[in-house]
Amino acid sequence: MAAFKELVFSGVQPTGNLHLGNYLGAITKFVTLQESHDCIYCVVDLHAITVPQEPLTLTNNIREVTAAFIASGIDPKKHIIFNQSQVPEHAELAWVLNCTARLGWLNRMTQFKEKAGKDRENVSVGLYAYPTLMAADILVYRATHVPVGEDQKQHLELARDIAQKFNNDFADSIASHGFGEEFFPSPEPLIQGPATRVMSLRDGNKKMSKSDPSDYSRINLTDDADAIATKVRKAKTDPEPLPSEEKGLETRPEADNLVGIYAALSETTKAAVLAEFGSAQFSTFKSALVDLSVAKLGPIGGEMKRLVADHSYIDSVLADGSERASVLARRTMNSVKDVLGFIRR
Ligand code: TYM
């Protein structure tokens, strides 16, 4: 395999209700990776409009995700934070990759099936093509590593398939333009730790989600201490005390979820949490989880609210990040055009 410079890329949709799942599954990983890698973190507004959005709300949500990145500790000077629509090469490469991806590949995407439900004839074409835009997001920077939650695994596999097919389809042109054997890397998903799939607080078999109609199903990053405490105390559990071994969580999805959340927030493992709380009643464990959640999330929520109100600061971060991202994206897109045989200025 050709050597590509290691580069991290990931994205979050500005669709409101940023929650603990987004934070533990993705954003905390973004924060850690900035110590070891160059990172690009994108607010994917083009993805958001695959389902209807109210324009003023969308503007606020774009600022809110940006604020969440910064409040969580991502440094927008050292790394790149921007919103997708300010770098048109994402949409441009997505079109090219729509011509690489096969219909059969997209037909297998479970997230599309879930989101479209029974009303398939009536969802947008954009919702169907969502995963090729996601592949373009990553490949337009030739990024090598992509931190995401478990639910994005299939989309990442598709991005790898698309990259490989492009490399194969245009192998001769890629070589003759001096790009070696592979033009695009196969981006590697980074899905690790005890909270890659945080579940609803009301139902341990359902993913914690921005769109769940019940606000009690999730902890939002902007929830205050009272809201966090109420939601954790009301979280569904079972009547047994906590087990001492991880194996004891296997048939207890709600207990497994809360232990996973505790482990991720305290940066340890489920086994270590059970070593401490094994045989404790849920009331005891939930009190500790409330304290931990409030200590970890409270300051982030407060800082997010402060930053979101400062439109000119947030917008300047996005403008600066977009400019820096554009330079990189344009370079790739020009090379793609050369490989395809387009004539360019
Ligand atoms: P989005 O906005 O739905 O979610 C953002 C990130 O949060 C993760 N996540 C979760 N992790 C653990 N438990 C949960 N309950 C949970 N819910 C969400 C997601 O896996 C994701 O990492 N398609 C992406 C956005 C995207 C993207 C990209 C990601 C667009 N282009 C390129 C990576 C690379 C999405 O909808 O994320």
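The second largest pocket in this predicted model has a volume of about 470 Å³. Of the 19 residues that line this pocket, Thr28, Lys29, Thr32, Ala264 and Glu267 are the closest to its centre.

- Two elements, α1 and α11 (253-265), each give two or more residues to the lining of the second largest pocket.
- Helix α1 provides the largest share of that lining, with 7 residues.
- Sorted by class, the lining of the second largest pocket has 10 nonpolar, 6 polar and 3 charged residues.

**The largest pocket**

- How much space lies in the largest pocket? The value is about 990 Å³.
- A total of 41 residues line the largest pocket, and those nearest its centre are Gln13, Asp151, Gln152, Lys207 and Lys210.
- If you trace the chain, the elements that give two or more residues to this lining are β1 (7-12), α1 (20-33), α6 and α7.
- Among the contributors, α7 gives the most to the lining of the largest pocket, with 5 residues.
- The class count for the lining of the largest pocket is 16 nonpolar, 17 polar and 8 charged residues.

**The cavities**

- How many cavities of 30 Å³ or more does the structure hold? There are 2 of them.
- The largest cavity contains about 60 Å³ of space.
- Its lining is made by Gln111, Phe112, Lys115, Leu127, Tyr130, Pro131 and His155.
- Helices α6 (110-116) and α7 (125-139) are the elements that give two or more residues to the lining of the largest cavity.
- By class, you will find 4 nonpolar, 2 polar and 1 charged residues in the lining of the largest cavity.
- The second largest cavity holds about 30 Å³ of space.
- Around the second largest cavity you can look for Ser200, Leu201, Gly204, Ala235, Lys236, Glu254, Asn257 and Leu258.

**Glutamine 34**

- Where is glutamine 34? This residue is found in the loop between α1 and β2 (38-43).
- Is glutamine 34 buried or exposed? With a relative accessibility of 11%, glutamine 34 counts as buried, because buried means under 20%.
- A polar atom of the glutamine 34 side chain lies 3.0 Å from the backbone nitrogen of aspartate 75.

**The cysteines**

- A handy reminder: a disulfide is a covalent bond between the sulfur atoms of two cysteines.
- How many disulfides does the structure hold? The count is 0.
- Cysteine 39 is in no disulfide, and the nearest cysteine sulfur, that of cysteine 42, is 14 Å away. A disulfide needs the two sulfur atoms within 2.5 Å.
- Cysteine 39 is buried, with a relative accessible area of 2%.
- Cysteine 99, in turn, is partly exposed, with a relative accessible area of 49%. Why does cysteine 99 not count as exposed? Exposed means over 50%, so a value of 49% falls in the partly exposed class.

How values were computed:
Residues are numbered from 1 along each chain as its sequence is written. This is a predicted model: local features need pLDDT of at least 70, side-chain atom pairs count only at pLDDT 80 or more; totals for chains, interfaces and linings use all residues. Side-chain values use heavy atoms; hydrogens and water are left out. Buried means under 20% relative accessible area, exposed over 50%, partly exposed in between (1.4 Å probe, protein chains only). On a 1 Å grid over the protein atoms alone, a cavity is a set of points where a 1.4 Å probe fits but cannot get out, and a pocket is an open set with protein on both sides within 12 Å along at least five of seven lines; lining residues have an atom within 4 Å of a point. Grid points are joined across faces, edges and corners, and a volume is the space filled by probe spheres set on the points. Helices (H or I, at least four residues) and strands (E, at least two) are DSSP runs, numbered from the N terminus. Ala, Val, Leu, Ile, Met, Phe, Trp, Tyr, Cys and Pro count as nonpolar, Asp, Glu, Lys and Arg as charged, and the others, Gly among them, as polar. A polar contact is a pair of N or O atoms within 3.5 Å; within protein, one must be able to donate a hydrogen and the other to accept it, and residues adjacent in sequence count only if both atoms are side-chain atoms.
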